[in-house]
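Let's go through the labels on this one and check what stands behind each of them.

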Amino acid sequence: MAEALLSVQGLCKHYGGLAVTNDVSLDVKPGEIHALIGPNGAGKTTLIHQITGTVAPDAGSVVFADKDITRFSLPRRVHAGLARSFQITSIIAGFSVLENVALAAQAKSGSSFRFFRAAHGEAALNEAAREALAEVGLADRAAIIAGALSHGEKRALEIAIALATQPRLLLLDEPLAGAGPEETERLITLLRRLKSRYAILLVEHDMQAVFALADRISVLAEGRIIATGSTTEIRASAEVRAAYLGEEEMPC
Amino acid sequence: MPRLRLDVALTLLVLAVLALAPFIGLGANHYLTMFARMMILAAAAVSLSFLVGGAGLASLGHAAAMGVGAYAVAILDAHRLTDITIVLPVALAAAALFSLLTGAIAIRTEGVNFIMITLAFGQMAFFTASSLAAYGGDDGYTLYDRTEIFGSRLMENRIFFHYLCLGFLIFCWGLCAMLLASRFGRVLRAARENPLRTQAVGFAPYPFRLLAYVTAGTLAGLAGVLFANATEFVAPAYMGWQRSGELIFMVILGGLGRLSGAILGAVVFVLLETWLPSLTAHWKMIFGPLLILAVLFMRGGLIGFLGARRG
Amino acid sequence: MSSGLFLVQALNGLQLGILLFLVAAGLTLVFGVMDFINLAHGVQYMLGAYLGAALAAATGSFWLGLLLALPAALLFGLLLEVLIFRHLYDRDHLSQVLATFGVILFLNQAVKAIWGAAPLQVPVPALLEGGVVLMPGLQYPLYRIAVLGAGIATALGLWFLVERTRLGMLVRAGATNAPMVSALGVDIRRLFMLVFAFGAMLAGFAGVLAGPIFSVEPGMGDHVLILAFVVIVIGGIGSIRGAFIAALIVGLTDTLGKSLMPDLMRLFLDPSAARQTGAALASMLVYIAMAAILAFRPRGLFPARSG
């Protein structure tokens, strides 16, 4: 079996007396989609923050491509090849769609302390951006102001931005959140296509999508990983059912 | 998109009038004095607009950097060093260093705290200037000479000085516009709008912002050199928070987010400042409410206002 | 400097701190609750001083002047809120800075037009004339002690109001998380109007108290305003406790600095230069302190907002 690309070991995070992340370990191998699921309040968001570098863990390590990135800032992790999308769409609304992606390409293409040439005229950046946009099906929307895109298009734009940073791993935080059925269908097709080239850590509430896409699934409940396994194994797990049933009984 | 470029057209018109001023009956000394003030303040306002509208750094201490440039001229003048080969490098270095030191701390903060800490640094500079007893202290300092250009007294020629100021204004406008369009500026603009997203594509905003802050401060310092030469006088008030407030006024009055807005704002400001006192000694009782009305009813500044009227 | 003189300066510093706190308290709540920068808060202090002086002169009694000046300051604060400020809450900070800057320009000039540019003298009320012997041979004016007492009493009252009453709880919650408070069904605009008017009155109160100590003149609010901003930024925006501690720090630093620095400078400079340089350096001290604190704690000593 292939070596893990991302390996999280023994991650812990406490807020006051509350263990929000409790000894979490998981890994993502090249070319696989590893889905992270769990009821609301399980600590998914905090875990993602620690993997992407916006929250520092109390203990544990994050190793990416054989490099210990536990203390890396968010921008440094991106340069190491870890790209993310946000749960709540985060794009630069005042930029054109193309410029949103070109900015990401710029991060991967030499120094940005260049002052004399207009950035929008840099063919190499625009070319890379167009490629990423074509990948997600937004090629014909390149000139539009990003804020004017539909919700589903914005989700796709986020993925294009992530692709333009030339990542090895995509961390997608609920990429389907708020998308309509048709848009969901399109995004699932897109993710399936991306899977061959990128390792993907997918956090998603849409169980149908998770079971359709994931190679492996980890279930997070109350800050702990209670199960990791193939889709069939997870479907059969009594513990997982209990975690989700518990949520249904106490909706909050 | 002709409407979008209305501000630029208007600004070019203003610059053309300034360029032709000596030939179209506006060459009298009192006009030239007013124009010099207008152009220098406009250049400082453009650098502030670059900082606020471009990089999203709302500084309320921009006048301090301008004052540092002006005081460099005064202090060297007191030691009879007036040649541009000395004055210019010293003023540039002083303004850049001041901006670097204050910016390094200020940019660590955000939002309101940034406004306040830049205000505090401005006040520090103000009090430092007041303490310079050898250079006039509270009362200010009158220059012996204007800066000499390779030993010549060209700066004392009013026409030459007029075009020098105009050239400097155009230089500032061009430079800031070029920077905003560059890769560097793209990161600044992105970080202004969405800092988290900018980090998530791999940019740490801090060094970009700091460089923008130093650049704007250095340009303001240069404006200060010209300002000291224009008035042949330097005083702590050049650095005070009221002056910073006036610069902010020019930027916002013209229209934040457009460099050309700062030029239009400065023109209107200086015209008001010249005209209103001729109506009443208490002209600030008119100016204050005008300011309030401008904020309340002209969102987007003059440019937004004109655009809306046309549309 | 003798220990007696030091004691006097320390008391003066505390008293400046208390006055600053009265100004900063309203400012920090307005800032915290509505995220609104009000540069015009300083002119409310000035206005309080002028109203106090004018009303005291008209009625012949400092106390009547004080009693009338407070509601007048409150009403004026309300007037500004209704006419101008409430239209600025949803605007960016710079627009707020600019519009309230306009208010300052207008009021400073208006005061000059009405009362003239020369400073007004406000006599110390007869009841509080004379001094208190602090130690043999050292007297301290009774009025200043009274100001200190009144300030501390007000601070305690304010602390009680903010920490121990339902209204105070709402204000604190508003400073931490305004959307949540309005989600609870509280009319945040009304709440804010109240806080605002109350803050204006406190600033006015500080102005009336300051009248007999400092000169009452146009622009007197500007310096206090900037110091009050320093106070709330050091203290942490929205925090009453932070404002109180920071106000004392700033008051003491400023006052002690101004009396100690010239002496210190005399070690290096000739007397006249030492006086000027020392005074200016002392004025800088509080800003240096602020920069130092923000460099290490960018959100102030007691940040009220979480996240």
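The secondary structure of chain B comes to 13 helices and 2 strands, each a DSSP run (H or I over at least four residues for helices, E over at least two for strands) numbered from the N terminus. This is a predicted model, where local features need pLDDT of at least 70, side-chain atom pairs count only at pLDDT 80 or more, and totals for chains, interfaces and linings use all residues. Residues are numbered from 1 along each chain as its sequence is written, while chains are lettered from A and ligands numbered from 1 in the order in which they are written.

Q: What percentage of the residues in chain B is buried?
A: Buried residues are 55% of the 311 in chain B.

Q: Why is α3(A) called largely enclosed by the rest of the structure?
A: Because 11 of the 11 residues of α3(A) are buried. Among them are V97(A), E99(A), N100(A) and Q106(A). The cover includes α2, α4 (123-136) and α5 (151-164) of chain A, together with α7 (183-193) of chain B.

Q: How many residues of chain B are in contact with chain C?
A: There are 38 from chain B, against 37 residues of chain C; a contact needs C-beta atoms, placed from the backbone, within 7 Å. The largest share of chain B's side, 15 residues, comes from α5(B). That side divides into 25 nonpolar, 11 polar and 2 charged residues, where Ala, Val, Leu, Ile, Met, Phe, Trp, Tyr, Cys and Pro count as nonpolar, Asp, Glu, Lys and Arg as charged, and the others, Gly among them, as polar.

Q: Why are α12(B) and α4(C) called roughly antiparallel?
A: Helix α12 (residues 284-297) of chain B packs on helix α4 (residues 93-115) of chain C at about 160°, with axes 7 Å apart. Axes are lines fitted to C-alpha atoms, for helices over the stretch in contact, and angles run from 0 to 180 degrees between N-to-C directions. Over 145 degrees counts as roughly antiparallel, under 35 as roughly parallel, 65 to 115 as roughly perpendicular and the rest as oblique. The pair is therefore roughly antiparallel. Residues that meet include F287(B) and L291(B) in α12(B), and F101(C) and F106(C) in α4(C). By class, this contact has 15 nonpolar, 4 polar and 1 charged.

Q: What about α2(C) and α4(C): parallel or antiparallel?
A: Helix α2 (residues 41-59) of chain C crosses α4(C) at roughly 15°, their axes coming within 10 Å. α2(C) and α4(C) are therefore roughly parallel. The contact is made by residues including L47(C) and Y50(C) of α2(C) and V103(C) and W115(C) of α4(C). It has 9 nonpolar, 1 polar and no charged residues.

Conventions:
Two residues are in contact if their C-beta atoms, placed from the backbone, lie within 7 Å. A residue is buried if 20 or more other C-beta atoms lie within 10 Å of its own, exposed if 12 or fewer, and partly exposed in between; C-beta atoms are placed from the backbone.
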